[in-house]
Structures are given as C-alpha cells and as structure tokens.
Amino acid sequence: MKIGNIELPKTAALAPLAGVGDRAMREISREFGACWTVGEMASSKGLSYGSKKSAELLEINEKERPTAVQLFGSEPETMAEAARMALEYRPDAIDINFGCPVPKVAGNGGGSALMKDPELAGRIVKAVTSAVDIPVTVKFRAGWDSEHINAVEFAKICEENGAAALTVHGRTRMQMFAPPVDLEIIRLVKEAVSIPVIGNGDVDSPEAAKRMYDETGCDLVMVGRGAMGNPWIFKRIAHYLETGELLPEPTAEERMSVLKKHVRLLCEYKGEYVGMREARKHSSWYIKGMRGAAEFRRECGELTTPEDLERLIDKVLLSAGN
C-alpha cells in the first residue's frame with residue numbers, strides 16, 4: 001500500500017501508544033519488522049504555547065523511518081500551526097488523532113470527541129492538509145457510542161478534505177478497549193473510500209492479523225497493545241502472512257536481551273532517571289507469561305538503576321531454567 005509516495009509492505013505497523021510508543025519503542029519495533037510507526041500524540045495547543053514536553057514527542061530517530069508524528073486538538077487553525085511546526089522534525093507523514101478515548105483528551109474536545117462533530121473534523125483535516133506538503137493520515141473509531149456508529153460518514157469526510165490514509169479502531173469511544181473489536185465497521189469503511197484503510201484493534205497475534213486482513217479487506221493492520229513487551233510480533237506476523245507458518249515464541253534469553261536493549265535506549269534518549277522509571281512497565285510486559293512473572297512484577301516496579309535490571313534479568317533467567 002502507499003501513503004502518499006511512501007510504499008509499505010502488507011505486514012503490520014506500530015500504532016501510536018501514548019506513554020509507551022516513544023523513540024525507543026518505535027526503534028525496537030522497526031528492528032523487528034514494523035513497516036510503519038506512528039509517534040505518541042502531541043497536543044497542538046501545547047506546541048503552539050511552546051511546550052517543551054509536547055515538542056519532545058515529535059523527535060524522530062532515523063532508524064524509525066518511515067514514521068509519522070501524531071497531533072490532537074479541536075481547533076483547525078491551531079492544528080494547522082502545529083502541523084507546520086512538526087515539519088521541523090522531518091516526519092514522513094502527520095497523523096491526526098480523532099480516536100483517543102481518555103477523558104483528559106476527549107473531555108476537552110479532542111481525540112474521539114471529534115467523532116461527534118464530523119463537520120469540524122473535516123475542517124481540521126482540511127486545515128492540516130493545506131498547511132503541509134507531506135501526507136496527512138487520520139485515526140478514528142467506529143463512533144462515539146453504540147447509538148452513533150458513524151465511521152463510514154466520518155471516513156468519507158476525511159477523504160474529501162485531503163486525508164491520504166485512514167486508520168480505523170473498531171470500537172466506539174464508550175467501549176474504550178474492552179469488548180472484541182468490530183471488524184465489520186472496518187470493512188464498511190474500506191468499501192466506502194478509495195484511499196488506504198488501516199485496521200486496528202485486538203491484533204495481538206499473527207492469526208489475528210490475518211483475520212483482520214481477511215475479514216475487512218484493509219490495506220494494512222496496526223498493532224498497539226499487542227506489541228508491548230512483544231516486538232517480535234511484527235516479525236511473526238510478516239512470516240505468517242508470507243508462509244502460513246508460525247514462528248516460535250522468543251526464548252527467555254531473547255526476551256531478556258531485547259528488554260536490556262530497550263531499557264538502554266530509554267536511558268539514552270530520556271536520561272537514566274526517567275528511563276529507568278519507564279523501564280518498570282516495560283519490564284513487566286517483557287516478562288509476562290514467563291515462569292515466576294507474578295513474583296517478579298513487584299521488582300519490576302522498583303527498578304531504579306541499570307544494575308537493578310541486570311539483577312532482575314539474572315533472576316528471571318534462573319527461574320526460567322537458563
């Protein structure tokens with residue numbers, strides 16, 4: 001599939017993950033075969049007010065490419081200004097977030113709240129596409145709630161206003177992340193527009209990725225929570241789609257080796273203090289399902305130094321019989 005002039009293999013992309021999908025996560029995911037990555041959502045208002053924290057979310061490592069930065073907001077002019085500012089970081093595309101369900105975003109008129117005002121969403125897409133010369137993509141949900149499933153109408157409006165591709169999360173805002181994803185709504189969006197459609201939601205295995213492709217006809221699948229502590233999923237999806245064979249799950253040594261690299265990148269990009277605190281959640285994801293994981297989870301939550309991580313890894317490998 002193509003996003004603008006960017007050609008992507010029909011494998012799997014890394015979804016934007018607030019608080020998780022930072023440079024380290026995106027770099028690791030690309031290393032394991034993610035064909036496309038989207039950064040953490042940055043506030044258009046924050047950028048326009050000169051927020052350093054918002055600007056840091058736009059930083060891109062060359063190893064991540066091709067990649068998009070993601071913006072959220074509810075004012076067309078502010079979104080356009082933020083998009084122009086984002087060009088300084090040389091993203092390959094800009095993604096607009098109309099899907100975030102969390103109250104602090106949707107409750108302030110951003111993210112999935114825009115699904116209640118398709119006309120305003122269209123004006124935002126038009127403002128952003130007019131402001132930049134790179135592809136603009138849009139991520140949204142099935143609708144606001146079960147009474148207002150408007151993804152097809154919403155998709156058409158985004159396409160009419162210049163969107164180069166669409167990502168559909170097959171749940172409503174009110175459903176958050178809980179019930180099984182609705183593949184039918186993704187299929188209906190795909191049939192309604194002529195630009196590429198990316199399917200998102202519940203892709204946590206190679207089989208789930210194939211099912212998303214088969215049942216929706218989408219052009220690409222996007223993996224979100226399924227990649228947390230599990231960057232191998234991209235390699236396994238690509239292999240399964242190509243051969244029909246399932247690669248084995250990574251060994252304990254492979255898991256811990258990649259965890260170590262992931263944490264090293266976190267510390268390199270954010271400093272040891274912040275990096276090690278963020279390593280706590282990543283460590284618990286990497287050891288999930290391993291022997292003794294429950295008892296090691298408390299130690300994950302207390303990591304402070306790289307030496308702490310080394311000791312934890314030694315214990316995990318010993319428990320795994322390595």
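The dialogue below walks through several features of this predicted model.

Q: Which residues of helix H8 are buried, and why do they line one face of the helix?
A: An α-helix has 3.6 residues a turn, so residues three or four places apart point the same way. In helix H8, which spans residues 183-192, the buried residues are Leu183, Ile185, Ile186 and Val189. Seen down the axis of H8, these buried residues fall within an arc of 160°, so they line one face of the helix.

Q: Which residue caps the N-terminal end of H8?
A: The cap is aspartate 182, whose side chain has an oxygen lying 3.0 Å from the backbone nitrogen of glutamate 184.

Q: How many residues does the largest nonpolar core have, and which of them have the most contacts inside it?
A: The largest nonpolar core has 78 residues, and those with the most contacts inside it are Trp36, Phe98, Phe140 and Leu166. Helix H6 (residues 118-131) gives the largest share of this core, namely seven residues. There is also a second, separate core of 27 residues, and Ile28, Leu259, Tyr286 and Cys300 are included in that second core.

Q: What does tryptophan 36 touch, not counting residues up to four places away in sequence?
A: On that count, the residues touched by tryptophan 36 include Ile3, Ile6, Leu8, Pro66, Asp92 and Met222. One of these, proline 66, is found in the loop between H3 and S5, and the peptide bond that leads from arginine 65 to proline 66 is cis, with omega near 0°.

Q: Which strands pair with S7, and in what sense?
A: Strand S6 (residues 93-98) pairs with S7 in the parallel sense over five bridges, and S8 also pairs with S7 in the parallel sense, over six bridges. S7 itself is mostly covered, since eight of its eight residues are buried.

Q: Is threonine 172 buried or exposed, and with which residues is it in contact?
A: Threonine 172, whose place is in strand S8, counts as buried because its relative accessibility is 3%. Leaving aside neighbours within four places in sequence, threonine 172 is in contact with Arg141, Ala142, Gly143, Trp144, Asp145, Ser146 and Ile149.

Q: Where is serine 54, and is it buried or exposed?
A: Serine 54 has its place in helix H3 (residues 52-56), and at 9% relative accessibility it counts as buried. Apart from neighbours within four places in sequence, serine 54 is in contact with Ala42, Ser43, Gly46 and Leu47.

Q: How many disulfides are there, and how far is the sulfur of cysteine 35 from the closest cysteine sulfur?
A: A disulfide is a covalent bond between the sulfur atoms of two cysteines. The count here comes to zero disulfides. The sulfur of cysteine 35 is 11 Å from the closest cysteine sulfur, that of cysteine 218, which is too far for a bond. Cysteine 100 is in no disulfide either, as the nearest cysteine sulfur, in cysteine 158, is 16 Å away. Cysteine 35 counts as buried at 5% relative accessibility, and cysteine 100 counts as buried at 9%.

Q: Where does arginine 90 lie, and where is the place of aspartate 202?
A: Arginine 90 lies in the loop between helix H4 (76-86) and S6, and it has a positive phi of about 55° although it is not a glycine. At 52% relative accessibility, arginine 90 counts as exposed. Aspartate 202 has its place in the loop between S9 and H9, with a phi near 65°, again a positive value in a residue other than glycine. Aspartate 202 is partly exposed, with a relative accessible area of 31%.

Technical notes
Residues are numbered from 1 along each chain as its sequence is written. This is a predicted model: local features need pLDDT of at least 70, side-chain atom pairs count only at pLDDT 80 or more; totals for chains, interfaces and linings use all residues. Side-chain values use heavy atoms; hydrogens and water are left out. Buried means under 20% relative accessible area, exposed over 50%, partly exposed in between (1.4 Å probe, protein chains only). Helices (H or I, at least four residues) and strands (E, at least two) are DSSP runs, numbered from the N terminus. The arc is that of the directions from the helix axis to the C-beta atoms. A polar contact is a pair of N or O atoms within 3.5 Å; within protein, one must be able to donate a hydrogen and the other to accept it, and residues adjacent in sequence count only if both atoms are side-chain atoms. A nonpolar core is a set of buried Ala, Val, Leu, Ile, Met, Phe, Trp, Tyr and Cys residues joined through side-chain atoms within 4.5 Å. Contact means heavy atoms within 4.5 Å. A disulfide is a pair of cysteine sulfur atoms within 2.5 Å. Two strands pair if DSSP finds at least two bridges between them.
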